[in-house]
Structures are given as structure tokens and as C-alpha cells.
Amino acid sequence: MRAVTETLRLPAELRVEGRDPPIPLSGSGPWVLGRGSQADVPFPEDPHCSREQVRITLVGGRFRIEPFSTRTPTRLNDQLLAGPAPLAPGDEIRFAHQRIVFTQVGGGPYPGGSEPPDRAAGDGAPPKRGSAGDRPPEQIPVRDGLIIGRLQGADLIQLDHPNVSRCHAAVEVQGGVVRIRDLGSTNGTFVNGSPIAQPTALRPGDRVDIGPFELTFTGTTFEREERTGNVRLVGRNLTRTVRSANGSGMLTILNDASVVIEPREFVCIIGPSGSGKSTLMNALSGREPATSGQVLVNDLALYANFEVLKQSMAMVPQYNVLHEALTLRQALDYTGRLRLPTDLAPEARAELIAQVARSVELHHRLDAHIATLSGGQKKRASLASETLNRPSVLFLDEVTSGLDESTDRDIMRLLQHLAEDGMTIVCVTHTLANIEECCHRLIVMGEAGVLVFAGSPAEAKAFFGISSLNAIFDRLAEHGTPACRDRFEAAPLRAAQLEAIGDGNSAGKREATDGKGSERRARAARAPLEPVRQFGILTSRNVRLLLSDRRGLLMAAAQSVVIGLLLGFAFSDLGGPALAETSRGSLMLLLGLSALWIGCNGASKEIVGDLPIYRQERNVNLSTAGFVLSKFTVSALFTLLQVCVVFGLTALLAAEIPGHPLAQLGALAAGGVAGTALGLLISAATDTRDQATTLVPLALVPQFILSKVIVPALPAVAVTLSEIFVTGYWIVEAMRAIYVETEGPIILSPPEVVPAVEMTVVASSTTAVGYILLHAAAFLLAAVALTLYRSRPRQ
């Protein structure tokens, strides 16, 4: 039997890109590939390669590969290598900066072809490099009780990706009808682009999307395809118009642009300011859809299937989207807890964080506060956050803006390596220094959103007749946008691109999926407790952020102590009988408005300060209600603590607290909660922290004037408005009612005045507190609605 095995083996070798000659695999092995000096195939100059990266073995005449590194991932034919797998001639091995092709001299060594028997049987080994059409999709028989998820087993379809839950969906077969049911997954199950909340019957041709995996139902089987490492983007006749700033008409900011971006390409979009670079990228990403035209992702309409495809796409904006008060590890952990499946164990999440930190060369800075990172490291940190769930397409907007040339080069090389590892990358940039070295394709935009060139950097230099890309804008200004566009449209290069783009008559498979309301349906179909889970995570993050702001804590403590001491000192003597009741009324007014002020001022910067981060997380899966309620909960509790300090110091130093002290503290607590909700509404309505600071006094001055204490004889209209809209009015009324209910009747007139004038209230203390809480609820709902409205894609 040994002699037969030996006759089947042909000489094998490894062809390492950039290294000649090929390296023979002689002997019986095993062969270790790595950076260490003892490796059989060493890569000593590659710092990202582990000392022992992978091992190739020869068992029974068949070659197999096994990953060894826990630091640097290995890919076999563009798929993550998680365990031992067979090697076949032509297989491509990638890790760190290396690309290696396994070959066997003389042809296929296995009977009946060049595939090993276990590979031909479909043991789950990765497909070879290229588009999804290079080999037929894997066929998976459908049967009752089949579970789809990350788990591996006999009755499971394993979909190994961070966006997939352990047990994601189940297949049910009853009476010849095949149904699929979501098992409470974090990121949802989609049938023909629509999320499902109930078991859904499948018909032949229906498409089931789970994470980056696409399962096409044939009637008896699922045909499995995957977008990871294999995403082709086509933008066809993209146009975007917006209303002009003066409102006089519509303005075209993207004009009939058509582009094609192949899998694993690193594409840079350049052009003068206002040329539509970011507009084109936003249209391609689906964040701000084009007014007309279509975007196809692997022949699937993006806009109609955005909820499905957005899980495979990530956007890194120009600004930092991580809280600088957190360490990088903490920030990435919160991102993972919000976005990754809930059943991912903390240890697995920690390992994923370590891997992504290594991929952006920040593993040594995981425990550093983000505020202490350099500009380039902050860009890498944002990149790590957005690639935590292994997206297939990465969009970056001016990611190297403000960086020096050396750091720009490092970031561009990092993006190049990510593309080589399987991502399709689209980057808007204004820095040309490192494009030629790093990117595969260049898209040049001219005035008014007109595309004037698309091709490789070498083709760009030939087209514009320049020796350096730095001269491209000068040449564009010299010839003008219309001339450059016309010449490019007539070029053979463009003809080949347009053929690849297509004319739109065959829009691709399933282009007609109805995408209207897909986001609303996706969120409705999500596990009903998902917003509650996110609320808990966000509350934990907000508490950590609050406690990390020591300066803010000290200022808040000082504010509470100063207010309490001032009120206590000022009212240590209420004056004679003629002044006592006036003093008590003033004390209640100042206590009530202090509670309202503390809550409003403290919460007024909470939403606007996190708005960029909220929008980024909202684009993935964040619940707006969970976000706002978490802000409200932490801010309200902190406000209540400050109100207690103010009240305690005032009660300690003042002559008296009118009415029952605990009841008055309850009314002040309600006022502080209402103030917090009002502050969040102000925060949701503003664009900057400075604007929020300016609006707080404008919101609180009417509370002071219309409380009916400073101006007792308000006009009837003002009284009506106060009863409806002015929270301060009801805080004072609640405190007055408590005073009357505790010690009443309260005589306001001097003893010689007959008949005596008593203090009157418009409602009981319970009713007044109810109105305060009603205002708080209204402010909070308005804050949620306004935050949601302002996060919508711009039309």
C-alpha cells in the first residue's frame, strides 16, 4: 500500500511572491513556515509574520496545512484558515505580507483529477481565489431540524463569521413545505432582502441571507455562497441632486458617474474640493443614496437590500468615532458587545479584539487611553473598531487628513495589506503622495461631480500625460472637466469598463427586491429584548465615561456644594413675620429652579457630544431609544445625587424647609428628572456643545419668570402657557402644595388684616408632581424622535 501511495505523489513546491526560485517540499515533512530562524521556509524580514505561522504535513500522500499563529491570521484561498485543511495544486496561502501558491510539478497527483478526494467531496475547505463564479456553489441538502449558525456539527450548517450567531436560524420541513425560522439572532435572518420575525415558507429561488452568507433555496438544497473576500461593487449612472443653499432650485453634486470596483481592490477617489468625492463614496456605500442610478454588490441591488448588505460594509469617517476617555481595549469591547452576536463568549470577543488590534499594529497600545494616542494611531483605532466584525467592504473618508507624510504612508500601506487580505477598500483622499505605491485603482472627479477618469495609477499618468500624480490637478485645471470627461469616455480603457459595468438592462439577480421600510422591518424583526440589552451596555459605558471625567465630577460637586451653601446661608434667617412667608416662597422657588438647572445643564451636552459616535453605531444596529434612555438614566441619577447634596446643605443651614422635608425632596427630584429630559432635548436639537450651552439659559429664564413667584399677577394667557409648557411652574406649585398640606392653612396677610389672605394652590402635590413627570416624559420622547430624525440619511 505504501508503494501505491508513493507513486501518487508528485514533487511539490511553494511559489512565494517576490522570491525566486520556487521552494521544493522535499522529504516527508513536516515543513514550518514562519519568521523564526528554525522555520523550514523563513520570512525573517516580515514583522507581522509569527515565528511559527503555519505547518504543512504529508499524510498518506496528501498535503495538508495547519495554522499555528494565534496573532496573525492565515487565509487559504481568501478564507480564514481555522484548522487543518487539505492542499490542492494552485491553492493560495496568505498571511502577514506574504502570498504563496502551492503547486505540484507535472500536474494533478490524485486519481481522476487534481483535487484530493476529501477536497472534492466538499469538506468545507476554502474555494480558490477569484469570483464566486470560479467554482459552483456548495450544495447543502435541506432536512427538518437543520440548524444554521457558527456552531459545527452533524445537524448544523456552519457559517463561521462574527456576524453570525451560534444558533442563528432553523429549517423546518412539514408536509413538504420548507420554512426557515430566526432563532433570536443578533443581526437577523433575511429572506429575499426582508427580515423575518416568524417562520417563513421558502420557494425555489428564494434567497436567505445570514451575515455575509447567501443561501439560495433550490427546492431540495441550499446553494451556499459567501461575500467575504469576494465583493465586487458596480455604480451605474449615479446622480445626486440637492436643493441649493439659497433655495432657488436643485443643484447636481454627482453627475451620471459609473464605476466598477473589483474584489480585493484598494481604490482611491481624488479630486478638487467640491468635486463630489465624498458624495460618490456615500452613494456607493448606501449611507446617502444617489437620487438616480443603482449600486450593485455582487450583482445584488444595494439600496433595495441595504439592511442585508450593510452587515458586510463598514465606514470609517474623517473624525474620531471612539470615546477618548476609554482605553482602546474598553472601546473595542463596547463596540463588540453592541455589534457582535450576544452568544459570543467574552474570551472569544477578547481574542477577536486582540486580532484586530494586531491587524492595525496597535496590540501594544490596547490598554492606553485613546486620548493619549497619536493622530495616526487614532485613525488606526477607528479602523480597528470598524473592522471588528470582519466587513468585506471598507469605505474611508479622508482617513489620512491632518497626518504627516510618514504616517500617511503607514496608513495607506495598512489599507493595501487589508485589501490583499480580502477586503474591497474605497478611500476618499486629498493626499497623492502614496497613492501610486499603494492603491490599485484611481477615480478622479472633476467639477460638479463629473467623473473624468478611472483606472490604475499608471493608466492615470498616461491619460493625463504626467510623470507624477502630483500634477494631476494642474492638468485637470488646464484642460477643464468637460474636455477630460469627453476624452476619457472615448478611450478604449473606458469602453472596457463600461462593458464590465453593463447597461442596466440585466440589473442582476434579485434587483427588484422591495427595500422600502427595510430598516424599520429589520429592527422590528430583531430580538424584542435587543434594545434592552443595548441599553444595559450603553449605560455601563456612560457610567464608565462619567467616572473617568474627574474634572467634570469635581466641577459638579463644587456646583452642588456652592448652591447648597449659598441657599442655606441666605435663608438662615427668614426675617420677621411680615417677611417670613415671602422668604419661604423664595426659598421654594430657588430650590425648585436649582434642581431644574442642575438636570438641564448636566444633560445638555450628552447627545450632541456623542452624535458622531451615535450615527456611526446607528448605521450598524444601534437602538435610538436605548441610546437616549441610557443617557437619561445615568444623567438623571447623577442629577438626583447633586439635588440631594443641595437640599441636604440647605436643610442643614437654613432656618427651615417649608413643609415635609422628604416630600419636598421628592418634588425636587421630579424637577431634576424633568430638567435632565429637557437638557437631552436641547442636546438633540443642537449641532455643537457651544450651541447647547447657549440654549440652556434661553430654556430656563422663562421657567423663572413664569413660575408665578417673581410675577404673581401673570396675564391669563401667560398662566395658561405656564400650566401647559413651563415645568418650573409645576415644581413651585408642587412645593407650595406640600407646604399647605403639611402646615396649612398658610396665612399670607398680617394679623390685623381681616379677612385673612390664605396661600392657595391650583392642584394637589400629587397632581403637580404628575405634571412634572409628564413634562419629563414629553421632553424625553421628543429627544428620542429628534435624535432619530437627525440621524436619517440626507435626501
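The lining of the largest cavity divides into 11 nonpolar, 11 polar and 7 charged residues (Ala, Val, Leu, Ile, Met, Phe, Trp, Tyr, Cys and Pro count as nonpolar, Asp, Glu, Lys and Arg as charged, and the others, Gly among them, as polar). The model is predicted: local features need pLDDT of at least 70, side-chain atom pairs count only at pLDDT 80 or more, and totals for chains, interfaces and linings use all residues. Residues are numbered from 1 along each chain as its sequence is written, and side-chain values use heavy atoms, with hydrogens and water left out.

The volume of the largest cavity is about 610 Å³. Among the 29 residues that line the largest cavity, P73, R75, S359, L418 and D421 are the closest to its centre. A cavity is a set of points on a 1 Å grid over the protein atoms alone where a 1.4 Å probe fits but cannot get out, and lining residues have an atom within 4 Å of a point. At least two lining residues come from each of β10 (92-95), α6 (346-359) and α8 (405-420), and the largest share, 5 residues, from α6. Because domain 1 (12-104) and domain 3 (233-490) both give residues to the lining, the largest cavity lies between them. Domain bounds come from an automatic or database domain assignment.

Helix α25 (residues 765-790) has 26 residues and spans 37 Å from first to last C-alpha, close to the 38 Å expected at 1.5 Å a residue. Buried residues (under 20% relative accessible area, 1.4 Å probe, protein chains only) in α25 include S765, I772, F779 and T787. Elements covering the buried residues of α25 include α20 (624-653) and α21 (661-685).

Terms used:
On a 1 Å grid over the protein atoms alone, a cavity is a set of points where a 1.4 Å probe fits but cannot get out, and a pocket is an open set with protein on both sides within 12 Å along at least five of seven lines; lining residues have an atom within 4 Å of a point. Grid points are joined across faces, edges and corners, and a volume is the space filled by probe spheres set on the points. Helices (H or I, at least four residues) and strands (E, at least two) are DSSP runs, numbered from the N terminus. The expected span of a helix is 1.5 Å times one less than its number of residues. Buried means under 20% relative accessible area, exposed over 50%, partly exposed in between (1.4 Å probe, protein chains only). Contact means heavy atoms within 4.5 Å.
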